[in-house]
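Please read it with the model open.

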Amino acid sequence: MMTAALFFTLRNMPMMAGTGLQMVFFNIVTVFAFLIPIALVAAELATAWPKNGVFHWIEEAYGTSWGFTAIWLQWAQSIFGIASILAYVAVNLCYAFDPQLATNRWFIFGIILVVYWGATAANMRGTRTSGMISTVCLSSGVLLPSAVLIIMAVFYIIQGNPIYLKLALTADNWLPLVNPEHHLLLFLSFIFGVAGIEVSAGHAREVRNVRRNYPIAVFSAAILGFVVTLLGGLAIAVVVPIAHLNMVSGTIQALQALFSTWHLSFLLPLAAFLVAFGAAGQVSTWILGPIKGMWAASQSGILPASFQEANRHGVPRNLLLLQAVFMSVVALLILVMPVNTAFLLLTSLAVVLYCFMYLLLFTAAIRLRYTHPDVPRPYRVPGGRNWGLWLVAGIGFMTSLACLFIGLIPPGHMAENIYAPSMIGALILMILIPLGWYRYRRQIVPA
């Protein structure tokens, strides 16, 4: 459930619905070019090195400095990505109380702070509590609304109501043949709708029989997320015209249309609350995942001694509080720029940072096959001695590289001559910070 909660959310369904039947093509490519490679590689690395995920995997392959850089990028993108998820939580909560609040920046800012600090406090009680939160939020805030949406959409079709999804058997209706730049950005949204499945490896040491149970968890979560998200996207496309579809609150729009059909509109506030609750659970899961890797890095003396401390539940308390402070500072963007612009910028920056981290991850998996061939791998990427890993990791690497370049395309109406250099500059800066800090710490704290 924790693995599924990292990427499985209703937030992606409206974006999928906006592509019509092309979502089938995009989903197939996403699964085979990105989701499966990450799941297979993460399963092999987590069972061979069941420590703290990305940090230790990259450290084994390229050394501590690059291990720290990888976990830094994963952690930094989570800060920017979580901010956009929190904005989604706030917007959906508006439908539970007053839709007019969706344009109130102070309300959205306040919700972000309350949800994030509340989730941080809950995660202070450790992985067991975090797992319980993920299970409850995913079940009631993602699976339940998804089931309601899909089942009601099926009855909607059976009863002969108008269907807004174009069903024409033409190539351009099923394949992204028109407006390629627009479709590249859509493809990026699909790809990063499933990113993060490897983060749960940070809890691998706390899993019983990790070499058996972790791969099962990863693949089960991947299948569950793919099937339900695709069906949910199709359900939204059936009941909401694309011209009227809101990419943020499209799920609520679809539920509103379905509830109205059967005179159940009084259920909409409850549905909106549950959707927001589910997204809040995703935030809670992301809070503890990457920080466990940062804590592992701190044990190597990379971070000051105060960040190496943990409370009685094994949670790096000081790191968690520092993370919450950084999150609060990032949330200030909501007050100084339009919500949609802030949402796009935060998401785009998270994409660029995460892409580079995945480049390190896939190359590290291949390198470790040759530098550490004798390390037991209870789960191995299938395919001969090494060619299967080269194929799987190679596909994941090329997809990540392509997504990095696509991430430099400005979303919306942003100026390309400003946007692309800014993103490249931000990526270089975010790589140099951990490398520079590691060198500085090695000088004052010799190994």
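**Notes on the model**

1. Helix α4 is followed by Gly63, whose phi is positive, near 105°. Helices here are DSSP runs of H or I with at least four residues, strands are runs of E with at least two, and both are numbered from the N terminus. Helix α4 spans residues 54-62 and is mostly covered, with seven of its nine residues buried. Those buried are Val54, Phe55, His56, Trp57, Ile58, Glu59 and Ala61. Buried means under 20% relative accessible area, exposed means over 50%, and partly exposed lies in between (1.4 Å probe, protein chains only).

2. A word on the source. This is a predicted model, in which local features need pLDDT of at least 70 and side-chain atom pairs count only at pLDDT 80 or more, while totals for chains, interfaces and linings use all residues. Residues are numbered from 1 along each chain as its sequence is written, and side-chain values use heavy atoms, with hydrogens and water left out.

3. A positive phi is also found at His263, about 55°, although this residue is not a glycine. His263 sits in the loop between α11 (250-261) and α12 (268-298). Its relative accessibility is 70%, so His263 counts as exposed.

4. On charged pairs, the count comes to three salt bridges, a salt bridge being a side-chain nitrogen of Lys or Arg within 4 Å of a carboxyl oxygen of Asp or Glu. Glu44 and Arg369 meet through their side chains at 2.9 Å, N to O. This pair links distant parts of the chain: Glu44 is in helix α3 (residues 22-48) and Arg369 in helix α15 (residues 339-371), 325 residues apart. Glu44 has a relative accessible area of 2% and is therefore buried; Arg369, at 5%, counts as buried too.

5. Glu44 also forms a salt bridge with Arg377, where the closest N and O atoms are 3.2 Å apart. Here again distant parts of the chain are linked, since Arg377 lies in the loop between α15 and α16 (387-406), 333 residues from Glu44. Both Glu44 and Arg377 are buried.

6. Another salt bridge joins the side chains of Glu309 and Arg317, at 3.6 Å, N to O. Glu309 is partly exposed, with a relative accessible area of 39%, and Arg317 is partly exposed at 30%.

7. How many disulfides does a search of the whole structure find? The search finds zero, taking a disulfide as a pair of cysteine sulfur atoms within 2.5 Å. The sulfur of Cys355 has its closest cysteine sulfur in Cys403, 5.1 Å away, and this is too far for a bond. Cys355 is buried, with a relative accessible area of 0%; Cys403 is likewise buried at 0%.

8. On aromatic residues, a search of the whole structure finds 10 aromatic pairs. Rings of Phe, Tyr and Trp (its six-membered ring) pair if their centres lie within 6.5 Å; planes under 30 degrees apart count as stacked, over 60 as edge-to-face, and the rest as tilted. Trp437 and Tyr440 form a tilted pair, 5.3 Å centre to centre with 45° between the planes. Both lie in helix α17 (residues 416-444), three residues apart, about one turn of the helix. Trp437 is partly exposed at 31% relative accessibility, and Tyr440 is partly exposed at 40%. Elsewhere, ring pairs link Phe34, Tyr354, Tyr358 and Phe362 into a cluster.

9. Gly126 is in the loop between α6 (105-123) and α7 (127-158). Its relative accessible area is 1%, so Gly126 is buried. Leaving aside neighbours within four places in sequence, Gly126 is in contact (heavy atoms within 4.5 Å) with Leu288, His313 and Val315. The C-alpha atoms of Gly126 and Arg312 are separated by 8.8 Å, though the two are 186 residues apart along the chain.

10. Ala147 lies in helix α7 and counts as partly exposed at 32% relative accessibility. The C-alpha atoms of Ala147 and Gln443, 296 residues apart along the chain, are separated by 56 Å.
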